[in-house]
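Please look over the sequence and the structure before reading on.

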Amino acid sequence: MNQPTADHDDEGALIARSRAGDQSAFAQLVTKHSARVYGTLRRLGLDPQEADEVAQEVFLRAWRGLARFEERSRFSTWLYRIAFNEAKRRLARRRPAAVDSPPGDDDAIAALPDTIGEGPQARTLAREFEQMLEQALAELPADLRAAVVLRDLEGLSTEEAAAVAGVRQAAFKSRLHRGRMQLRALLEPYLRLEQAPRPTG
Amino acid sequence: MSPLWHELRFRRDHRWTPPHMSAYLDSDLSARGRRRVERHAADCRECRGVLDDLRHMLALLRSAPPLADVPAIAGAVLGRLNEPADR
């Protein structure tokens with residue numbers, strides 16, 4: 001997402017006011033970033049209730065830690081970093097999560113909703129993909145999953161995403177590649193199905 | 001170009017290409033590396049399929065809409081700003 005300069009200045013002003021203790025300025029920052037933080041936490045593997053709790057925790061930490069925020073980095077990247085660390089702690093406590101496979105994971109194709117063709121097709125496809133994606137992401141190791149989420153779903157640059165994950169860029173690229181390859185293998189039936197002509201009627 | 005030489009090059013490229021697909025799609029390969037991936041993908045149906053899948057998957061991931069049903073986080077946070085930090 002391209003941030004126009006005016007918006008950036010605006011955010012800078014809100015951060016400055018928040019630092020001075022202005023809670024309503026901070027509330028505006030939370031409003032602006034909460035959907036992305038919440039969405040990232042969900043995609044990193046937290047359930048809706050955990051993601052809600054952790055998102056609140058992220059912003060409370062940000063509020064208390066505003067003095068440590070370096071203005072050279074982007075505010076959103078800083079939030080991602082706090083969110084990533086909180087999610088990691090939460091997920092580590094849950095271990096062994098890998099054994100705890102989601103119910104009905106027999107066959108990705110069998111899990112496809114059988115309502116294809118209902119409603120606007122684009123929306124149906126998007127929802128269908130979202131479901132497949134959620135199941136496939138759940139099967140990736142946490143590190144690889146985080147790399148794909150930060151870089152490909154959240155759209156961070158490699159540099160930003162590596163900083164959020166706390167690893168060097170070379171290590172990040174390796175994780176990203178392995179994550180993408182595993183995700184591709186899991187989504188392959190869907191990707192090939194979508195490319196093939198669909199039966200009509 | 002002898003068939004044997006061609007076969008050896010194909011096998012080398014077939015090992016080299018998959019680990020470099022991400023870098024290729026991120027425009028993070030040298031011009032020489034790019035040519036190598038493209039040459040092999042043109043020759044190898046399997047690698048071409050994987051590369052097409054990856055490209056298609058990345059386009060879907062990048063255009064995935066943000067999750068709906070985001071809870072009212074701002075209100076909840078605002079109500080907690082004065083809590084003591086040692087929770």
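The sections below treat a helix pair, a chain interface and a loop residue.

## Basis of the report

The model described here is predicted.

## Helices α6 and α7 of chain A

Two packed helices are described by the angle between their axes and the distance between the axes. In chain A, helix α6 (residues 142-153) packs against helix α7 (residues 158-165) at an angle of about 140 degrees, and their axes are 9 Å apart. The angle therefore makes α6(A) oblique to α7(A), since only angles over 145 degrees count as roughly antiparallel. The crossing of α6(A) past α7(A) is right-handed.

On the α6(A) side, the contact is formed by A:Ala146, A:Ala147, A:Leu150 and A:Arg151. On the α7(A) side, A:Thr158, A:Ala161, A:Val164 and A:Ala165 take part. Sorted by class, the residues of this contact are six nonpolar, one polar and one charged.

## Interface between chains A and B

Chain B places 25 residues in contact with 31 residues of chain A. Within the side of chain B that touches chain A, α4 (45-63) and α5 (73-78) each supply at least two residues. The largest share, nine residues, comes from α4(B). By class, this side of chain B comprises 20 nonpolar, two polar and three charged residues.

## A loop residue of chain B

B:Pro65 lies in the loop between α4 and α5 of chain B. Is B:Pro65 buried or exposed? B:Pro65 is exposed, because 10 other C-beta atoms lie within 10 Å and a residue with 12 or fewer counts as exposed.

B:Pro65 is 30 residues from B:Arg35 in sequence, and their C-alpha atoms are 34 Å apart in space.

Note on methods:
Residues numbered from 1 in each chain as written. Chains lettered and ligands numbered in written order. Predicted model: local features only at pLDDT ≥ 70, side-chain atom pairs only at ≥ 80, totals over all residues. Axes fitted to C-alpha atoms, helices over the stretch in contact; angles between N-to-C directions. Helix = DSSP H or I, 4+ residues; strand = E, 2+ residues; numbered from the N terminus. Parallel < 35°, antiparallel > 145°, perpendicular 65-115°, else oblique. Left-handed = near helix turned anticlockwise from the far one by under 90°. Contact = placed C-beta atoms within 7 Å. Nonpolar A, V, L, I, M, F, W, Y, C, P; charged D, E, K, R; others polar. Buried ≥ 20, exposed ≤ 12 C-beta atoms within 10 Å, placed from the backbone.
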